[in-house]
Amino acid sequence: MKYSLNEIHKMHTAAAGRNDVKALKKCESLYDQILNQEPDNWTTLFLLAGIYLYFGRNGVAIALLNRVTQIKPNCAEAWNNLGTAYQRQFHSSKASAALRKCVELKPQDSDAWNNLGTLHINEGSAIRGIPHFEKAIKLNPDNVHAHWNHALALLECGDYERGFKEYAWGLRSSDRLHRTYGAPDWDGGRVGTLVVYGEQGIGDEIMFASMIDEAKSRCDRLIFDCHPRLKALFERSFGIECHPTRKEKITPWAADIDIDASCPIGGLGEFFRRSIDDFPREAYLSPKASLVSTAMDRLAALPSGMNVGIGWRGGKHKTRTEKRSTSLDDMLPILQTKGVNFISLQYTPEAKAEIDDFMKANPGITIHHWPEIIQAEDYESTAALVYALDLVISVNTSAVHLSGAMGAECWTLTPVRKAWRYYSPDGKAMSWYGSVRLFQQEIDGEWKPVIEQVAVELGYRANPVAALAVGA
């Protein structure tokens, strides 16, 4: 059967609306058939690029959209999508040029203003993005993505009251999980049974859990639908009922409970973190004592000296892993510190091979790697190990949040374009934790000065007598 371009477009729109990958691939094939006959059909090129954007094939989308802008230079939508594609690949200058061309052609385009604002967030200057988001929202008050990005920019600037109020838009933009359990969303008032549920990564869940005790004070019964790795840790720490089903599509346990309200764990910020003064920065997670004892015994078997946990890679492409990660080679000045036992906290599957290759190239340096602990299904052993260490040195990963939540000392290597979670009024310590210290880049991508500073301070800590002698 032969389809017209209009018919394929309708199929495409419907398939995208229901996230039907099979149907989208069929549309891709049908667009290809048209292009075989009409290779410069700009509408088909534009629509096909949209499918590639959906699938994350940004390079192909960029090539197609560049061709569209050559054929149809006044197509504002093509410039907008081109800017989005460049932005996803972190080609900031090209993204900015494309998006500015879009608003030049179509100044009332709310999405383009939103996209321009996100560029500033990605460049580490969230405050410059806020006017763009406000412009986008003024043009379209229902632009959920503009509201969500506005929230992130406000939070990154430490404006918690406005930021957490806007943060709820993430539920509508699908950037945050939204569940109801057959009950209304919580408004922060006194309630009977309240279900709080995890919604993003393990690190976020641990961080936001700092507000659980405050939420408990406003309900008769609090139930936490959490990440399966966190169930035991949270139950012991908060003395509440936890169900490890937040990654599941169904929650059968909820059918037998009269639930009065539910709240995503990040939503607690609107009620309990309205200003920097609302952050107690105290420990709230308690590792299992017997596992801490086991971890301490294991560490005691190492040579005498400090026991320091290390992490060097965090996140995924979407969360800018290439910006927030470093390498063992880059960390060499730290790893050469005398009087220190280094223990890997790197949970990624390739960590062992990286460590083996590094130690082979650097004889005399040992990194202990215990995957049976840090890759376990339960987070209990990892928490116990982190608590037993003298210090954690890590890039921005869940290990930082775990350390801070237990009051364990952590030095975190932070990129110049840090996420809003790492905001600090003085740029040195996280708002959320009292035991986490920030060592932040001054120049994008330049880890060397940061690592050298950490190496010097670690040397003083590990070898105080030698440091005093040098000072004398």
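I'm counting two residues as in contact when heavy atoms come within 4.5 Å. I'm also keeping in mind that this is a predicted model.

**Entry 1: N362**

I started with N362 and looked up where it sits: the loop between helix 19 (351-361) and strand 7 (367-368). Buried or exposed, I wondered about N362? Its relative accessibility is 16%, and the cut-off for buried is under 20%, so N362 goes down as buried. Next I asked which residues N362 touches once its neighbours within four places in sequence are left aside. I found D329 and L332.

I traced 6 strands in the order 7-6-5-8-9-10, forming an open sheet with parallel pairing. At the edges I noted strand 7 and strand 10 (436-440), each of which pairs on one side only. A reminder to myself: strands of a sheet pair through backbone hydrogen bonds, either parallel or antiparallel.

I then picked out strand 5 (residues 306-311) and strand 8 (residues 391-395). How many bridges link them? I got 4, in the parallel sense. For one bridge I went down to the residues: G309 has V392 in strand 8 as its partner.

I also checked what helix 22 (residues 398-406) does here. Helix 22 lies across strand 8, strand 9 (410-414) and strand 10, and it runs at about 145° to strand 8.

**Entry 2: helix 4 and helix 5**

I moved to helix 4 (residues 58-71) and helix 5 (residues 76-88). They pack at an angle of about 150°, and I have their axes 9 Å apart. Angles over 145 degrees count as roughly antiparallel, so that is what I wrote for helix 4 and helix 5. The crossing of helix 4 past helix 5 is left-handed.

For the contact itself, I listed N58, I62, L65, N66, V68 and T69 from helix 4. Facing them from helix 5 are A78, W79, N81, L82, A85, Y86 and R88. Sorting the residues of this contact, I got 8 nonpolar, 4 polar and 1 charged.

**Entry 3: helix 8 and helix 9**

Last, I looked up helix 8 (residues 126-139) and helix 9 (residues 144-156). Their packing angle is about 155°, with the axes 9 Å apart. I therefore put helix 8 and helix 9 down as roughly antiparallel. Helix 8 passes helix 9 in a left-handed crossing.

Helix 8 brings A126, I130, F133, E134, A136 and I137 to the contact, and helix 9 brings A146, H147, N149, H150, A153, L154 and E156. I sorted the residues of helix 8 with helix 9 into 8 nonpolar, 3 polar and 2 charged.

Notes:
Residues numbered from 1 in each chain as written. Predicted model: local features only at pLDDT ≥ 70, side-chain atom pairs only at ≥ 80, totals over all residues. Heavy atoms only, no water. Helix = DSSP H or I, 4+ residues; strand = E, 2+ residues; numbered from the N terminus. Buried < 20%, exposed > 50% of the residue type's maximum accessible area, 1.4 Å probe, protein only. Pairing = 2+ DSSP bridges. Axes fitted to C-alpha atoms, helices over the stretch in contact; angles between N-to-C directions. Parallel < 35°, antiparallel > 145°, perpendicular 65-115°, else oblique. Left-handed = near helix turned anticlockwise from the far one by under 90°. Nonpolar A, V, L, I, M, F, W, Y, C, P; charged D, E, K, R; others polar.
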